[in-house]
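Biologist: Hi, I'm new to this one. Could you put it up and walk me through it?

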Amino acid sequence: DDGRILVATYVSGFVRVRDVTSGEDLLRYFQPEAPAFARFSADASVFACAAPEGAVRIWDLPTGAEFARLPGAVPPLGGRTSPSGIVSVAISPQGDLLATCGSDGGALWVPRPGTLQSRVEEPGWPDAAAFSADGFLVAMASLSGVWVRSPFFPESRQVADGQDFGN
């Protein structure tokens, strides 16, 4: 985005999205859990906000309408039974895919209508995600390494080992 939009999240649960040029609030809302992660699509039309223990809420920013709410947990993968904890959210540049990372693994979602597209299978629990500028690749990182995949194909490819980073 061009730096004209600012998001502020408060431990009290309030979220405020503001156009810094006009000073106008584009979106204001309250959620029960303190929001921890907020991201925009490249064109600033889609906004997602997540609480570590709760749902990811997705908004159409031009209209201010919430159009999806993703669960804070995804179906278990590989026998993982730890409680859910979202630690990262990323939105593709086009706003048509969303990645979540956390203690129950990584997942790719289709924000409209808010459905799980696929699980990201990699060793370790991913704690960061980012999409390529064209939206064709998503990278997820964990202590075990960095994995890259196309959201359009089921397999991931490891591009760096955790040892590469001194782990």
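This is a predicted model: local features need pLDDT of at least 70, side-chain atom pairs count only at pLDDT 80 or more; totals for chains, interfaces and linings use all residues.

Biologist: Okay, where is F14 found?

Modeller: F14 sits in strand 2, which covers residues 14-19. Together with Y10 and F30, F14 forms a nonpolar patch on the surface, with about 310 Å² of accessible area between them.

Biologist: And how many helices and strands does the protein chain have?

Modeller: The protein chain has 0 helices and 15 strands. Of its 167 residues, 46% count as buried.

Biologist: Switching topic: how many salt bridges does a search of the whole structure find?

Modeller: That search finds 7 salt bridges. One of the pairs is D19 with R4, whose side chains meet at 3.1 Å, N to O. D19 is in strand 2 and R4 is in the segment before strand 1 (5-9), so the pair ties together parts that are 15 residues apart in sequence.

Biologist: Is D19 buried or exposed?

Modeller: D19 counts as buried, at 12% relative accessibility, while R4 counts as partly exposed at 33%.

Biologist: What about E66, which side chains does that one meet in salt bridges?

Modeller: E66 meets R57 at 2.9 Å, N to O, and E66 also meets R69 at 2.9 Å, N to O. E66 is partly exposed at 28% relative accessibility, whereas R57 is buried, with a relative accessible area of 10%.

Biologist: Which residues are linked in a network of salt bridges?

Modeller: R16, R18, D25 and R28 are linked that way.

How values were computed
Residues are numbered from 1 along each chain as its sequence is written. Side-chain values use heavy atoms; hydrogens and water are left out. Patches are made of residues with over 30% relative accessible area and no salt bridge: like charges are joined within 9 Å, nonpolar side chains (Val, Leu, Ile, Met, Phe, Trp, Tyr) within 5 Å. Accessible areas come from the Shrake-Rupley method with a 1.4 Å probe; for residues, only the protein chains shown count as cover. A salt bridge is a side-chain nitrogen of Lys or Arg within 4 Å of a carboxyl oxygen of Asp or Glu. Helices (H or I, at least four residues) and strands (E, at least two) are DSSP runs, numbered from the N terminus. Buried means under 20% relative accessible area, exposed over 50%, partly exposed in between (1.4 Å probe, protein chains only).
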